[in-house]
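The text below takes them in turn.

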Amino acid sequence: MIHNPVLRGFEPDPVILRVGDDFYIATSTFEWYPGVRIHHSRDLVNWRSLGGVLDSRRLLDLTGVPDSGGIWAPGLSYAGGLFHLVFTVVDTYAEGWKDLPNYVTTASSIEGPWSDPLPLHGRGFDVSLFHDDDGDGRSWLLNMRFDWRPDREGFAGIEIQEYDRESRTLVGEPRTISTGTSAGVAEGPHLHRRDGWYYLVHAEGGTGYEHGAAVARSRDLFGPYETDPAGPLLTSRDDPSLELQKAGHCSLVETTAGQWYAAHIVARPHTERGRCVLGRETALQPVTWTDDGWPRIAGAVPAVTVPAPALRPAPVPEPPVHDRFDTPALRPDWSTLRRPAGDDWIEPAPGRLRMRGGQSPVGRRRPSLLARRVTAARCSFETSLTFAPRTPDHMAGLTAYYNTRNWHYLYVTAEDDGSPVLRALSCEAGRLTAHQPTIPLEPGRVVVLRAELDVPVLRFSYDTGRGAETLPIELDATVLSDEHADEFHDGQLRVLGFTGAMLGLWAQDLDGTGVHADFAYATYRTFQDGRA
């Protein structure tokens, strides 16, 4: 059986691809490096993260992008012996404007090396490539069209334009092939061809609880496209009792045995239609075809457990709980914020990760944050820190993080006289709260820091060698959610929330004197019914 979500935690906007016996899912990464996470499976049940594709500034520059900007809804395809990755880097999205440069990069292997990205256009986002291998062999770029004009609908329809694979350039003029359904907000387009029909699958209804996926078809690539008269292909908008909410944004894949599946977004709220601390996740549903040629998902709703395809089981190793940073490169579960991991600020070595302090928690150019996705509502994260702060401008520790405006932080710093202390600090919608008590530390003492998440509560504890002690505060874990992060002022969008909760290692050097922190290990555990 397939147990959903198959990719847990912040893994949204999946595009699924089969090449021979191998299945790949690519997901959005927004302001986090490496950009565009890739996951591999041979049976659709067991998935292994390969890490991110765009792992250097040669491939991706996220300097200064806003919270939940950066990489939106990539497109992954395969043609002519090459993997093709198209992606949007969202530089701005607020105050009625969007700057949306789109790029393409290719590789002969999913693990790279990937070519220098080439620009495509900036008219919209959610780009994907359709290779018409059953037709004339040409390739086509799809995207939603964004219209900035305040007297027009911003989501202006689904566009298509020819893409020349040899020159990696666009050809001809774009054409609008669909404006979606009455649910509105047509985005996330993918084209599939079957039995002479072109099937346009796209997201609708926005990214929240009204989210869904629709399908339309045409005998002609350019339409007109007829929407399935049965209604949405998938949505959970009509049933708040479903465990999997916000279902939509589908892409389809066919197995070697001729079975079809849809990869799509889901979210698991803490309460009915409440906050989703784990962010938007990836699930799979079987797809059947009606006698008259329409794809259908059972009940058009997401199921937690569904039948697996008729493929040989292909289990993968469980990711390790402990990381002592004893590999030359960071493991694929790790991400860094707005700048790639490099020896200019982060150095893994056996038994120690050295992190040079970066910008303040609101800095968008050179933050020093290494984090991993929260994949369960009950989990813990622990590290051992050696740090010698000299002023209150030096900080290092453990964070439960959503974005620059929403986080909790357990950190070592110094008082004005240079004596080290342990403190906790929270930021909710940009408002700082310093928690009591302040814990004096012995200079040079190693301190173990621990975060325990039991949604809706987050607790911090520490150990200086005298046994673990829990801080006498209970923090609101639900501020680490899309729902809390969204901000509107005077009816204008200011901040979007598209990611999910992260647990990580953080360091600040606000006076620029070159301080660093050493983390001996990181341990992440998930719990179910009190068991690891």
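In β8, which residue is the bridge partner of Y78? The partner is F83. Strands here are DSSP runs of E with at least two residues, helices are runs of H or I with at least four residues, and both are numbered from the N terminus. This is a predicted model, in which local features need pLDDT of at least 70, side-chain atom pairs count only at pLDDT 80 or more, and totals for chains, interfaces and linings use all residues. Residues are numbered from 1 along each chain as its sequence is written, and side-chain values use heavy atoms, with hydrogens and water left out.

β7 and strand β8 (residues 82-90) are antiparallel and share eight bridges. Two strands count as paired if DSSP finds at least two bridges between them. They belong to an open sheet of four strands, ordered β7-β8-β9-β10, with antiparallel pairing. The edges are β7 (70-79) and β10 (118-119); each has a single partner strand, so one side of each lacks a neighbour in the sheet.

Now step back to the whole chain. The protein has one helix and 42 strands. Its C-alpha trace spans about 75 × 50 × 45 Å along the principal axes. For 532 residues, a compact globule would have a radius of gyration near 24 Å; the protein has 23 Å, which agrees. That radius is taken over C-alpha atoms, and the globule rule is 2.2 Å times the number of residues to the power 0.38.

Burial comes next. Buried residues make up 57% of the 532. Buried means under 20% relative accessible area, exposed over 50%, and partly exposed in between (1.4 Å probe, protein chains only). The accessible surface comes to about 20900 Å², and 48% of it belongs to carbon and sulfur atoms. These areas come from the Shrake-Rupley method with a 1.4 Å probe; for residues, only the protein chains shown count as cover. Among contacts between residues at least 6 apart in sequence, 58% join residues at least 24 apart. Contact means heavy atoms within 4.5 Å.

In soluble globular proteins, nonpolar side chains tend to be buried together. The largest nonpolar core has 48 residues; M355, L385 and F460 touch the most other members. Such a core is a set of buried Ala, Val, Leu, Ile, Met, Phe, Trp, Tyr and Cys residues joined through side-chain atoms within 4.5 Å. A second, separate core of 40 residues includes F146, Y198, L200 and L425.

Is β20 enclosed or open to solvent? Nine of its 10 residues are buried, so β20 is largely enclosed by the rest of the structure. Six bridges pair β20 with strand β21 (residues 260-267) in the antiparallel sense. β20 and β21 form a hairpin with five residues between them, and G258 in the turn has a positive phi of about 85°. At the other end of the sheet, two bridges join strand β22 (residues 280-289) to β23, and the two run antiparallel. There, T288 has R296 of β23 as its bridge partner.

S236 sits in the loop between β19 (234-235) and β20. S236 is buried, at 1% relative accessible area. Its side chain reaches the backbone nitrogen of K246 at 3.0 Å.

R338 lies in the loop between β26 (334-337) and β27 (346-349). Its relative accessibility is 0%, so R338 counts as buried. The R338 side chain makes a polar contact with the side chain of D67 (2.9 Å). A polar contact is a pair of N or O atoms within 3.5 Å; within protein, one must be able to donate a hydrogen and the other to accept it, and residues adjacent in sequence count only if both atoms are side-chain atoms. The R338 side chain also reaches the backbone oxygen of P66 at 3.5 Å.

Finally, some backbone details. The peptide bond from N4 to P5 is cis, with omega near -5°. The bond from Q436 to P437 is cis as well, with omega near 5°. P437 is found in strand β34 (residues 431-440).
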